[in-house]
Amino acid sequence: MDKVKYYISIYRGDGTGMLTLYITRHGETVWNTEKKLQGWKDSELTENGKRNARLLGERLKEVDFTAVYSSPSQRTLATAELILGDKQIAILQDENLREINMGDWEGQTHDFLKETYPQAYQAFWNTPDLYRPESGESFEQLGSRVVYFLERLKREQADGNVLIVTHTVFIKALLLHMKKLQLENFWEGAYIHDTCLTMIELSDNEINILLEGDVSHRGEVTFH
């Protein structure tokens with residue numbers, strides 16, 4: 001991946017004073033199809049995941065990105081490469097964009113987790129404000145690095161178009177912060193399908209969510 005390099009401090013902009021974020025989740029992976037949780041562990045993109053990433057790239061081909069950020073997970077980096085296609089722009093890896101760390105749950109199936117950790121599993125999906133992991137991160141810990149990433153991004157990218165390739169729970173945490181909602185509302189809003197597009201405009205401390213979890217580029221009907 002010759003367009004990939006680790007996070008460096010930069011400043012770019014187009015002088016408009018408007019920062020537009022194009023935020024997406026990685027493409028479908030093998031573990032997604034096997035109903036396994038990934039977290040900080042990794043799994044390769046499926047052919048369907050690669051297809052969807054290319055379709056998103058086609059949708060965004062006219063966008064002049066001033067910066068591209070990705071989680072260092074291979075599934076996000078591969079997705080970012082496919083979205084960019086022939087565009088010659090470096091992908092900046094940022095550890096803060098990683099998925100929530102789920103500790104011992106990573107690599108396990110949903111069915112296994114329901115049986116082995118029934119109370120914690122129920123809390124994770126239904127009462128996130130009560131979720132207390134035995135290993136890995138809490139939603140509060142994830143939220144802290146989401147805010148850290150966002151504030152640093154706004155300092156370093158005052159305007160322009162920024163592509164962010166990350167993960168489901170990170171995107172949900174980012175939207176929760178921007179909507180100023182409480183943790184119990186974490187899972188509300190659009191479902192975060194693979195390669196779905198969320199667009200957010202930031203200017204003068206104002207936030208405008210233009211799209212949330214949109215998959216119209218995939219040309220298919222999806223259900224929550």
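Let's start with the second largest pocket, which has a volume of about 250 Å³. Keep in mind that this is a predicted model.

Who lines this pocket? There are 16 lining residues. Lys154, Leu202, Ser203, Asn205 and Glu206 lie nearest the centre. Four elements each supply at least two residues: α6 (139-156), α7, β6 (197-203) and β7 (206-214). Of these, α6 gives the most, with three residues. By class, the lining has six nonpolar, five polar and five charged residues.

Now the largest pocket. Its volume is about 850 Å³. Its lining counts 33 residues. Nearest the centre are Arg25, Asn32, His110, Thr168 and Tyr191. Here the elements that each give at least two residues are α1 (30-33), α4 (110-116), α5 (118-126) and α7 (168-179).

Where is Ile100 found? It sits in the loop between β4 (91-93) and α4. Is Ile100 buried or exposed? Ile100 counts as buried because its relative accessible area is 0%, and the cut-off for buried is under 20%.

What does Ile100 touch, leaving aside neighbours within four places in sequence? Its contacts include Gly39 and Trp40. Glu106, Phe124 and Val169 are also among them.

One last distance. Ile100 and Ile200 are 100 residues apart in sequence. In space, C-alpha to C-alpha, Ile100 and Ile200 are 21 Å apart.

Conventions: Residues are numbered from 1 along each chain as its sequence is written. This is a predicted model: local features need pLDDT of at least 70, side-chain atom pairs count only at pLDDT 80 or more; totals for chains, interfaces and linings use all residues. Side-chain values use heavy atoms; hydrogens and water are left out. On a 1 Å grid over the protein atoms alone, a cavity is a set of points where a 1.4 Å probe fits but cannot get out, and a pocket is an open set with protein on both sides within 12 Å along at least five of seven lines; lining residues have an atom within 4 Å of a point. Grid points are joined across faces, edges and corners, and a volume is the space filled by probe spheres set on the points. Ala, Val, Leu, Ile, Met, Phe, Trp, Tyr, Cys and Pro count as nonpolar, Asp, Glu, Lys and Arg as charged, and the others, Gly among them, as polar. Buried means under 20% relative accessible area, exposed over 50%, partly exposed in between (1.4 Å probe, protein chains only). Contact means heavy atoms within 4.5 Å.
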